[in-house]
Amino acid sequence: MSALLPFDDAFARLLSHADTLPGTETIDTMNADGRVLARALVSSLDVPPWDNAQMDGYAVRAADLAASPDGVFPVSQRIPAGHQGQPLQPGTVARIFTGAALPPGADAVVMQEEVEAGLQLPVGEGTGVRFRVQPASGAWVRRRAEDIAAGSTVLAECTRLTPAAVGLAASIGAATLEVRRRPRVACFFTGDELVMPGQPLPAGGIYNSNRFVLNALLRRLGCEVLDLGIVPDSREATRQALREAAEGADLIISAGGVSVGEEDHVRPAVEAEGQIDLWRVAIKPGRPLAYGRVGRYGPEGARAAVPGSFAHFIGLPGNPVSAYVTFLLFVRPFVLRLQGIQVVEPQAVTLISGFDWTNPDRRREFLRAVHLPDGRLGLFRQQGSAVLTSAVVGHGLIDNPPGQTIRQGDAVRFLSFAELLN
């Protein structure tokens, strides 16, 4: 039996196979959340396109107010957002509203809370306003191009779009975006004990939670999912599932059947249909992780796989927490790299332990942890690889080195589920 691979070696080897998939498509910006940009987005305009008011108030010449600090100024015009004002005449001010362009000649805004309105002007000239403050030039003004300058790159190539990034693209008038195509991922689940929710649960059966978890995780990463369902525990059925999956998928993911038991058929089936390049990682939970490639066949009946044509394969453990954790640590970065994203390692933070861990494993451990009221980290009450509750109640994973004990007050490396699920 092969020796266990250290986590870092396995991670590097896995990502070395994750070349960016070819192909792009152009989609409406409205539908671009979560997609990956195929090319950099360059602005053709300034944002904002003109100097404008940061709040409701009065557009003024700062020098006029400085010259007559107690003066009453006539209001020469009213400028709502979306309307263009006239040049501001000396000695006058303009009523202005948030987002409206400053009229030519104005260089500051005074918020309406600092203004006395309805004051009498000389006979026959109506009413005006007096200011309680003396603004500096530029006060409460958003300057043209202070956010984005025309010709600047606003989103880099291979940016994974967030709601804010989609809004940024819209702010420069981008109605459509060219994005990487979605990875096509086929998944299947092995185990004669698996039953789908809604069906009667026989003796010895368990409901198939992995199918729901992996489908949701893959869709969250922007994948097109081909769900092949539950595959019987047999070598031939597994080989058939791999052949079917390889025809239309860039990546095949299985859950279960990659360990060393007599009913674990996935690894030998992959070796029969392609090759295994990585197997068994020194982590807990999730040791039986596997990576390989499955060949695609030529015309029906052909005996040899098409040279150079294959689908990636990642085999996850069958225990729900093991499958969940190894997906977040290995599959997520792999899928992001297929879409062209280069920085795929999750960002860890250092927090303080509020517990003792005195019997560490020889493997690198990923302990399910919760935030305590005092700001420290506590352990979820059960760390078993089948306790899926720990992935729901827990707030993240403590990345603990092999053989490392933990005492209350120790600094630990923490990976938030919020980060890992992003």
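Student: What makes Phe-188 and Leu-316 count as residues that Ala-255 touches?
Tutor: Contact means heavy atoms within 4.5 Å. Leaving out residues up to four places away in sequence, Ala-255 touches Phe-188, Phe-189, Thr-190, Asn-210, Leu-214, Leu-316, Pro-317 and Gly-318. The model is a predicted one, in which local features need pLDDT of at least 70 and side-chain atom pairs count only at pLDDT 80 or more, whereas totals for chains, interfaces and linings use all residues. Residues are numbered from 1 along each chain as its sequence is written, and side-chain values use heavy atoms, with hydrogens and water left out.

Student: Why is Ala-255 called buried?
Tutor: Buried means under 20% relative accessible area, exposed over 50%, and partly exposed in between, with a 1.4 Å probe and protein chains only. Ala-255 has 3% relative accessibility and therefore counts as buried.

Student: Where is Ala-255 found, and how far is Ala-255 from Arg-211 in space?
Tutor: Ala-255 belongs to strand β17, residues 251-255; strands (E, at least two residues) and helices (H or I, at least four) are DSSP runs, numbered from the N terminus. Between Ala-255 and Arg-211 the C-alpha to C-alpha distance is 8.3 Å, with 44 residues separating them in sequence.

Student: What makes Ser-43 buried?
Tutor: The relative accessible area of Ser-43 is 3%, so Ser-43 is buried. Ser-43 is located in the loop between β2 (41-42) and β3 (52-53). Beyond its neighbours within four places in sequence, its contacts include Ile-148, Gly-151 and Ile-172.

Student: Are Cys-158 and Cys-223 buried or exposed?
Tutor: Cys-158 is buried, at a relative accessible area of 17%. Cys-223 is buried as well, at 6%.

Student: Which residues of helix α6 are buried, and why are they said to be on the same side?
Tutor: In α6, residues 266-273, the buried residues are Val-266, Ala-269, Val-270 and Glu-273. They cover an arc of only 100° around the axis, and therefore lie on the same side of α6. The arc is that of the directions from the helix axis to the C-beta atoms. An α-helix has 3.6 residues a turn, so residues three or four places apart point the same way.
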